[in-house]
Amino acid sequence: MGCNDVPRYGGGLYWPGSGDQRDHVRGADSNEKRRDEIIRALLRLLRNEARVSPEYCRDMIRSVLGDSVADALSVQSLESLIGHLRNDEELSLAEAKKALRDTPLFSLTEFGRTVHAEMDALLATARVGRSTVGSTLYATTFPCHNCTRHIVAAGLSRVVYVEPYPKSLAFRFHFDSIVLNERGLDGTREGACQDKVVYEPFLGVGPRRYLDLFSMKLSSGREVRRKEHRASGDVIAWARPGQRPRVVMETASYLDREKVIAAGIDRVLPST
């Protein structure tokens with residue numbers, strides 16, 4: 001088993017108590033701090049150039065962050081950043097972050113101190129001397145690209161996840177070693193894929209939905225009565241047309257809801 005948290009000396013992760021050195025105790029997120037350092041470095045490099053073009057800007061970003069991030073940057077994001085520089089404006093860190101907000105720079109996770117749950121599970125297995133070759137890993141979320149390289153190196157044969165993770169570049173980086181079985185068909189479990197780790201979604205009821213789907217009183221959806229009054233005692237006829245789902249579907253995806261919440265936080269908290 002594994003969970004997300006900061007590693008400690010001697011093996012394992014920090015827990016509440018004496019000597020706790022997790023990020024919230026330290027008061028800073030190392031990944032965000034490093035991202036800000038990268039943005040400041042880019043601003044310094046670009047300000048020292050007499051002529052700045054989108055391609056030149058992309059090349060500068062490539063030299064700092066590599067091909068994958070540079071190639072994924074949109075022309076609009078680059079032109080927004082360059083517009084300030086061409087006007088000889090003293091672009092602040094907050095303004096630069098706003099211009100780059102929709103770029104892959106804000107999806108970087110490589111500089112965080114946290115060990116992801118998948119890595120923690122693999123390390124916990126190694127500490128007790130158990131082999132991971134040919135094993136199946138069950139994860140709440142589709143593994144990120146960092147975890148995927150450890151999953152492949154550890155010799156796992158199958159990964160089952162509950163929720164998607166759009167930020168993961170696992171398949172893009174490791175298409176030679178993993179295969180996405182998005183329908184979760186049983187055939188791949190029986191050896192249909194011998195040379196790649198199979199990533200497949202969990203098919204069934206996730207733990208967060210048990211109360212919603214099966215509780216009569218505690219569901220977030222409409223209340224269900226086990227025994228409704230029937231004067232005759234006969235079985236109630238049921239037909240699919242006209243039936244209502246137990247839990248109302250959200251009108252927006254979780255990604256859309258995250259954007260709304262993030263925008264609200266930006267309005268409430270001052271820029272730093």
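Helices here are DSSP runs of at least four residues, numbered from the N terminus. In this predicted model, helix H1 covers residues 23–26 and includes Arg26. Arg26 has a relative accessible area of 52% and counts as exposed, because the cut-off for that class is over 50%. When neighbours within four places in sequence are left aside, the contacts of Arg26 are with Gln21 and Arg113.

Helix H7, which runs over residues 117–127, has as its buried residues Glu118, Met119, Asp120, Ala121 and Leu122. After H7 comes Gly129, a residue with a positive phi, near 75°.

The second largest pocket holds about 720 Å³ of space, and its lining is made up of 18 residues. Among these lining residues, Val162, Glu163, Pro164, Arg208 and Arg209 lie nearest the centre of the pocket. Strand E2 (158–163) supplies at least two residues of this lining, and helix H11 (254–268) likewise supplies at least two. The lining of the second largest pocket divides by residue class as set out below.

| Class of residue in the lining | Number of residues |
|---|---|
| Nonpolar | 9 residues |
| Polar | 4 residues |

Methods
Residues are numbered from 1 along each chain as its sequence is written. This is a predicted model: local features need pLDDT of at least 70, side-chain atom pairs count only at pLDDT 80 or more; totals for chains, interfaces and linings use all residues. Side-chain values use heavy atoms; hydrogens and water are left out. On a 1 Å grid over the protein atoms alone, a cavity is a set of points where a 1.4 Å probe fits but cannot get out, and a pocket is an open set with protein on both sides within 12 Å along at least five of seven lines; lining residues have an atom within 4 Å of a point. Grid points are joined across faces, edges and corners, and a volume is the space filled by probe spheres set on the points. Ala, Val, Leu, Ile, Met, Phe, Trp, Tyr, Cys and Pro count as nonpolar, Asp, Glu, Lys and Arg as charged, and the others, Gly among them, as polar. Buried means under 20% relative accessible area, exposed over 50%, partly exposed in between (1.4 Å probe, protein chains only). Contact means heavy atoms within 4.5 Å.
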